Amino acid sequence: MRLDQTTIPFAFCLVRALTLLISLAVFGSLPAEAQQHRSKPPTRAGAQQNLEQLKRRADEARQAGRLEEAIPLYRQAVALRPNWVEGWWYLATLLYERDQYGEAAHAFKRTAMLQPKVGAPWAMLGLCEFRIGDYDNALKHIRQGRQIGLGDNQELSRVVRYHEGALLLLKGDFETAQNIFGALSYDNVSHEDLIIAHGLASLRIPMLPSQVAPDYRDRELIRRAGFAEHLAAQLNIGDAQQEFARLVADYANAPNVQYAYGKYLLKQRDDEGAMAAFQREIENSPQHALARLQIAYIRLRNKEAEAGLKLAEEAVRLHPRLPLGHYILGRIRFEMGDTAKAIEELEIARRLAPNEPRVHFTLARAYDKAGRKTEAAAARETFVRLSKMAEEAAAQGNVRGEAIEEPIEKARPDSPPR
C-alpha cells in the first residue's frame, strides 16, 4: 500500500493562516471582563483620536497584507491601550507570520492573560514556545489551551495535538505520544511528519520529528516502523501486519523493533506471538526491562503468575526506579499469596508513582488481605479519587498511554476490593 501524502496542517505556514481564521471565534467568546477592557473609554479625547487613527491604519495595512507597516502600528496602539485584546491578538499573529516567535509569544501571552477563558491564545503561545525551544512551557500552555477548549476548529486542534505528542517524545512519554499520533491517524490524517512521529514513539527514540532529517542515518527504519503503526491506528490490519512482517525481517536486530512488533501482536490478542517477539527483544537488548515486564504481565493475566516472577524480578533489578516494575512484581507476588512482599513492592511503586490509580487499587487489596483495614480504606479512597480525575482528563481528550495495557478496575468507596 502506498502512503498517502495528503497535506495536513502540521506545517507552521498553515498554523499562521489559522491564527487569522479563528479571530472571530476567539473574540466572539470573550469573557465579560475582557469585553469591558475593550470598551473602556480613554481618559483623554486626544489619546482616543490618536488610538482610533492607529487602529484604522493598522487594520487597513493588515488586511492589505502590508505586515511590515501593520506591526509597528499595532505596537503603538497597544502601547496606548495595553488592554486592547484584538490589538495584542493581531500583533501576535503578524509577528508569527514574520517568524518572530519570541515577540509573538509575548503578544499571545498578553492576549491570553486578558482573556484567560479562551483556549486559542494559550495554544498559540505554546506553539511559539515550541519554535523557540522553550519546550516545558510549550507543553504546559498547549495543554492549558486544549483543556480550556479550542472550539470547533479541527485544523487548529490537530496542529496542537501533534505538537503535544512531539513534546511528549522529548520527555520520553512514548505511550501517550503514540496515543495522540494514533488518534490523528484514525482521523485520516496522513503526512510524512506524522509517520516519522509514529516511528519515534514506536522505537522509543526521544527526538522531535523535525530532527529526523532526510539524511538521518536511521530515517528509513523510523519511517517504516511509523508507517506500520500508522496503518494499525487506521485499523488497516492486513496492511499493518505486512508492514510489521517486513520490518522485523529487514531490521530483526535493531533496538525496539521486536518490542514494537510484540505490542502490535498484543493488540491483536496474539499472546504467544507477542511473547516470542518480546523474548527476541531481550536477546537483542539484554537490559530491556519493559520487554520482560510485558511477558511477565501476559503470564499474570493468563493465571501463570509464577512463570512471570523471574522476569519481573530481573526487570526491577535492571531498573529499580521504574514504577511499573515494582507494580507488576507486586501483583505477581500477591497472586502467588506472598502478601507481605507484595505490599513492599507496591509501596515502592506508590512512592515512585503516587498518582497511579492501579497501584492504590492493588495496595488496597493487599492491605485488606493482611488485615490492615485502615490502610486498605485509605488506599481505596485514593484509588477512587485518582480514577475520577483520570476519567475527567479522558473526557477532555487527555488519555495517558500505558506501557502495559490493562483495564482499570472499578470499585465503590463503600465496598472492599476483590
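# Why the helices and residues are described as they are

Me: In this predicted model, the crossing of H11 and H12 is left-handed. Why are H11 and H12 also called roughly antiparallel?

Reply: Helices H11 and H12 pack at an angle of about 150°, with their axes 9 Å apart. Angles over 145 degrees count as roughly antiparallel, and therefore H11 and H12 get that name.

Me: Which residues of H11 and H12 make the contact?

Reply: Helix H11 supplies Phe174, Gln178, Phe181, Gly182, Leu184 and Ser185, while H12 supplies Leu194, Ala197, His198, Leu200, Ala201 and Ser202. Sorted by class, this contact of H11 with H12 has 7 nonpolar residues, 5 polar ones and no charged ones.

Me: Why does valine 160 count as buried?

Reply: Valine 160 sits in helix H10. The limit for buried is under 20% relative accessible area; valine 160 has 0%, so it counts as buried. Leaving out residues up to four places away in sequence, valine 160 touches Ala123, Ile142, Arg146 and Leu150. Isoleucine 142 is 18 residues from valine 160 along the chain, yet their C-alpha atoms are separated by 6.6 Å.

Me: How do you know whether aspartate 99 is buried, partly exposed or exposed?

Reply: Its relative accessible area is 42%. Buried needs under 20% and exposed needs over 50%, so aspartate 99 falls in between and is partly exposed. Aspartate 99 is in the loop between H6 (85-97) and H7 (101-114). Aspartate 99 has a positive phi of about 65°, although it is not a glycine.

Me: Why is leucine 235 called exposed?

Reply: Leucine 235 has a relative accessible area of 55%. Exposed means over 50%, so leucine 235 qualifies. Leucine 235 is found in the loop between H13 and H14 (237-250). Its phi is positive, about 65°, although leucine 235 is not a glycine.

Me: What makes H19 roughly antiparallel to H20?

Reply: Helices H19 (residues 323-335) and H20 (residues 339-352) pack at about 155°, and their axes are 8 Å apart. The limit is over 145 degrees, so H19 is roughly antiparallel to H20. The crossing of H19 and H20 is left-handed. Residues of H19 in the contact include Pro323, Tyr327 and Phe334, and those of H20 include Lys341, Leu346 and Leu352. By class, the contact of H19 with H20 has 9 nonpolar, 2 polar and 4 charged residues.

Me: How many helices and strands does the protein chain have?

Reply: The protein chain has 22 helices and 0 strands. Of its 418 residues, 51% are buried.

Conventions:
Residues numbered from 1 in each chain as written. Predicted model: local features only at pLDDT ≥ 70, side-chain atom pairs only at ≥ 80, totals over all residues. Heavy atoms only, no water. Axes fitted to C-alpha atoms, helices over the stretch in contact; angles between N-to-C directions. Helix = DSSP H or I, 4+ residues; strand = E, 2+ residues; numbered from the N terminus. Parallel < 35°, antiparallel > 145°, perpendicular 65-115°, else oblique. Left-handed = near helix turned anticlockwise from the far one by under 90°. Contact = heavy atoms within 4.5 Å. Nonpolar A, V, L, I, M, F, W, Y, C, P; charged D, E, K, R; others polar. Buried < 20%, exposed > 50% of the residue type's maximum accessible area, 1.4 Å probe, protein only.
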